[in-house]
Amino acid sequence: MKIMSVNTALGFALFANQKVISRAFSFRHGAVDRSRGYLTRQFSSTAVEADEDTATNEQIDPDALKNIKDPFLVTMRDRGFIFQCTNIKELDEYMTNQATSAYLGFDATADSLHVGSLTQIMILRHLQKSGHRPIVLIGGGTSKVGDPTGKDESRKLMTDDTIQKNTDGISKVFQKFVTFGEGPTDAMMVNNDDWLSSLKYLEFLRDYGTQFTINRMMSFESVKQRMAREAPFSFLEFNYMILQAYDFLELNRRFGVKLQLGGSDQWGNMISGTELARKCDQTQVFALTAPLITTSDGKKMGKSEGGAVWLNADKLSEYDYWQFWRNTGDDDVVRFLKLFTELPLEEIDELAKLEGADINKAKIILADEATTMLHGKECLGPIKETIKSMFTGGGQSTESLPRIFVSAEDLSGDGVKFLDLFTELKLGNSKKEIRRLIQGGGAKVNDEKIQDENGVLTAHDFAGSNEVTLRAGKKRAGVVEMR
């Protein structure tokens with residue numbers, strides 16, 4: 001009998017939706033230690049099975065956290081990156097005594113990562129600078145399944161070509177934050193498609209399916225939230241946590257990886273990985289999560305008025321990236337300086353003393369530091385010239401603004417609709433939003449208000465120049481260049 005691959009069998013399982021009632025789950029918040037500006041949280045779960053050992057314990061001992069010695073863990077604590085950890089005392093002892101391989105996974109769901117992933121990328125950077133080895137795991141295999149965490153409905157299944165295109169797009173950003181090579185602390189990039197796509201379904205079930213219980217899987221918050229929404233939860237997606245757990249086991253076997261890093265929404269999946277390594281190979285591995293970053297007004301990190309804040313320059317200009325950080329809320333700037341820059345904490349403490357309009361100085365430093373890290377320091381000059389041109393009336397530089405191109409032929413006849421140009425420059429999330437912008441007098445071509453929402457750009461608007469600037473409000477702009 002021919003054995004089907006895991007992906008083929010799970011594909012058939014798309015039709016096997018089941019509705020399950022989850023068990024009760026409770027947690028309690030513990031003490032908050034603000035002596036160094038970090039948060040200690042204690043959790044307890046009634047859903048943990050009785051035979052699970054302390055590797056599944058979510059509690060972080062405040063004394064252990066206070067007394068850690070490993071430079072990486074100290075940085076994580078003092079800058080606000082630690083949310084949950086398994087056995088932090090043992091992890092600290094292990095990392096203090098040897099260079100440790102740790103990994104973070106990124107599924108290929110788009111052709112660029114956005115700023116919501118920057119917390120995890122900064123963790124990898126701190127890991128390497130502290131003398132440990134970062135491993136970037138690209139989820140080429142798990143992207144074929146789709147992570148259900150935090151989603152109201154199933155992710156759209158992607159073709160292999162789309163996954164490869166997205167993999168190529170997200171891979172290049174890591175080289176700006178960590179150093180790859182063959183040395184003991186040099187980063188490496190691997191793809192879980194290398195082992196997941198070759199698994200045989202029945203063999204995988206027999207070898208590893210017995211290590212997971214539905215009771216345990218239903219206790220995880222990511223599953224409970226999905227079930228509470230009463231949205232279809234396919235068997236395909238339900239297998240995601242098993243595959244993520246298996247990734248950890250495989251990385252430990254292949255590369256000696258001892259630590260999985262991730263966001264707190266991945267905690268259940270990460271715990272499954274530590275348990276699988278213990279049950280299958282009798283080895284101890286660790287999981288460490290960072291809090292999911294939101295702004296002070298509760299908004300999810302990674303979005304702006306113009307849409308997603310992408311990390312690839314071909315998706316978002318250096319200028320718009322700088323402006324995103326410059327527009328940080330007053331209550332967020334100190335926290336973001338700790339998370340998204342490498343400024344010394346003592347310097348950040350001084351910036352935290354600024355009040356009133358002086359807080360803008362800290363925001364500019366945040367924007368400069370974050371933009372330099374991603375795009376290089378050389379882009380700051382053109383950005384500052386553009387700002388001077390737009391907001392103080394001096395200078396003429398538009399070099400750092402997003403730019404699109406039209407031909408003289410495009411501009412002949414009826415011209416090109418402003419709605420289409422604003423959309424292509426990503427100066428609005430939708431044409432409906434852009435129409436409202438025009439109606440409210442916030443859309444301009446050069447310095448002239450656009451009066452008609454159906455208006456068009458013609459060669460006349462260039463007035464002898466080869467470019468015009470389209471403006472959406474006071475802080476967003478883009479260039480249309482005629483070729």
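Colleague: How many bridges join strand β11 to β12?
Modeller: This is a predicted model, where local features need pLDDT of at least 70 and side-chain atom pairs count only at pLDDT 80 or more, while totals for chains, interfaces and linings use all residues. Residues are numbered from 1 along each chain as its sequence is written, and side-chain values use heavy atoms, with hydrogens and water left out. Strands here are DSSP runs (E, at least two residues), numbered from the N terminus, and two of them pair if DSSP finds at least two bridges between them. Strand β11 covers residues 443-445 and runs antiparallel to β12, and the bridges joining them number two.

Colleague: Okay, and which residue of β12 is the bridge partner of K444?
Modeller: β12 is residues 448-449, an edge strand that pairs on one side only. Over in β12, K444 has as its bridge partner K449.

Colleague: In what order do the five strands of the open sheet come?
Modeller: The pairing is mixed. For instance, β9 and β15 run parallel, while β14 and β15 run antiparallel. At the edges sit β9 and β12. Put together, the order is β9-β15-β14-β11-β12.

Colleague: Why is β15 largely enclosed by the rest of the structure?
Modeller: Buried means under 20% relative accessible area, exposed over 50%, and partly exposed in between (1.4 Å probe, protein chains only). Strand β15 spans residues 476-482, and it's largely enclosed because, of its seven residues, the buried ones number six.

Colleague: Which residue takes a positive phi in the hairpin of β14 and β15?
Modeller: Three residues lie between the two strands there. With a phi near 70°, the one you want is G473.

Note on methods:
Helix = DSSP H or I, 4+ residues; strand = E, 2+ residues; numbered from the N terminus.
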